[in-house]
Amino acid sequence: MTKPTLAVALIVKNEAKHLEACLSTVQGWVDEIVILDSGSTDHTEEISRQFTDKFYVNSDWPGFGKQRQIAQSYVSSDYVLWLDADERVTPDLKKDILDAIEKNEPNTAYKINRLSDAFGKVIKHSGWSPDWVVRLYKVDEAAYNDSLVHEKVVCSSSVSIKPLKGRLLHFTYDNLHHYLNKTTSYLKAWTDEREGNKKSGLSTALMHALSCFIKMYFLKRGFLDGKHGFILAWLATHSTFVKYIDLYLREEANKK
């Protein structure tokens with residue numbers, strides 16, 4: 001029986017800072033690397049082509065879910081492992097992935113536990129860990145949904161999801177400016193997706209923001225992450241308030 005093949009797939013934009021380190025962790029043991037760019041203006045393409053000739057561009061941004069669907073359409077392997085440019089595959093995770101491919105269990109997808117670093121500190125609480133994400137599956141058994149942001153893998157009802165033991169390292173925010181740039185697009189996409197279908201107001205925004213802080217800092221024990229735990233909880237609180245207020249202001253503008 002022929003051994004199943006494995007692709008790594010990424011969607012990227014202006015990821016020159018992180019991309020080489022990410023791709024170096026999968027180079028040499030996967031069958032193909034597929035990269036779909038959404039219009040980078042830095043050295044992302046140059047770095048990508050050092051690792052693969054399967055570099056494509058779709059600058060007509062359809063949202064995260066559909067962009068991933070387009071990227072998957074370029075995959076010719078049996079399995080696909082999804083990565084973001086700010087992630088790194090650890091040696092233990094590499095072993096688990098290769099073992100899963102070799103076993104080639106039918107109707108099975110795999111979830112991976114990410115360990116995230118924010119502003120130079122590994123975050124072990126705050127609702128950030130454990131952080132299980134479905135990232136490895138057969139291309140004919142699953143795909144991402146159509147969500148503009150916070151997209152998820154949708155599997156057929158017959159597919160079971162099993163955990164891999166190895167960790168995926170995630171270097172999520174380099175600094176505060178990186179956080180602000182990254183979250184701004186997410187917040188806009190969140191509001192775009194809900195405009196006209198979800199109601200909001202000042203009290204709603206305040207309630208959700210306060211709930212976010214309590215959950216993240218106290219219930220999810222963010223205080224155990226020290227000053228970084230407080231900073232992340234406060235930033236998440238601000239982001240939550242902003243997205244609900246944005247929704248409210250759009251509703252008010254549409255009434256005029």
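Modeller: Let's begin with the surface: Leu 210, Ile 214, Phe 218, Leu 219, Phe 223 and Leu 224 form a nonpolar patch there, with about 610 Å² of accessible area together. Mind that this is a predicted model, where local features need pLDDT of at least 70, side-chain atom pairs count only at pLDDT 80 or more, and totals for chains, interfaces and linings use all residues. Residues are numbered from 1 along each chain as its sequence is written, and side-chain values use heavy atoms, leaving out hydrogens and water.

Biologist: Why is Ile 214 called partly exposed?

Modeller: Its relative accessible area is 38%. Buried means under 20%, exposed over 50%, and partly exposed is in between (1.4 Å probe, protein chains only). So Ile 214 is partly exposed at 38%.

Biologist: And why does His 150 count as exposed?

Modeller: His 150 has 53% relative accessibility, so it counts as exposed, the mark being over 50%.

Biologist: What makes the phi of His 150 worth a remark?

Modeller: The angle is positive, about 55 degrees, although His 150 is not a glycine. Most residues other than glycine have a negative phi. Asn 107 also has a positive phi, of about 50 degrees, and is not a glycine either.

Biologist: How do you know that Asn 107 is partly exposed?

Modeller: Its relative accessible area is 32%, which lies between the 20% and 50% limits, so Asn 107 is partly exposed.

Biologist: What makes the bond between Ser 129 and Pro 130 cis?

Modeller: Omega is about 0 degrees there. Most peptide bonds are trans.

Technical notes
Patches are made of residues with over 30% relative accessible area and no salt bridge: like charges are joined within 9 Å, nonpolar side chains (Val, Leu, Ile, Met, Phe, Trp, Tyr) within 5 Å. Accessible areas come from the Shrake-Rupley method with a 1.4 Å probe; for residues, only the protein chains shown count as cover. A salt bridge is a side-chain nitrogen of Lys or Arg within 4 Å of a carboxyl oxygen of Asp or Glu.
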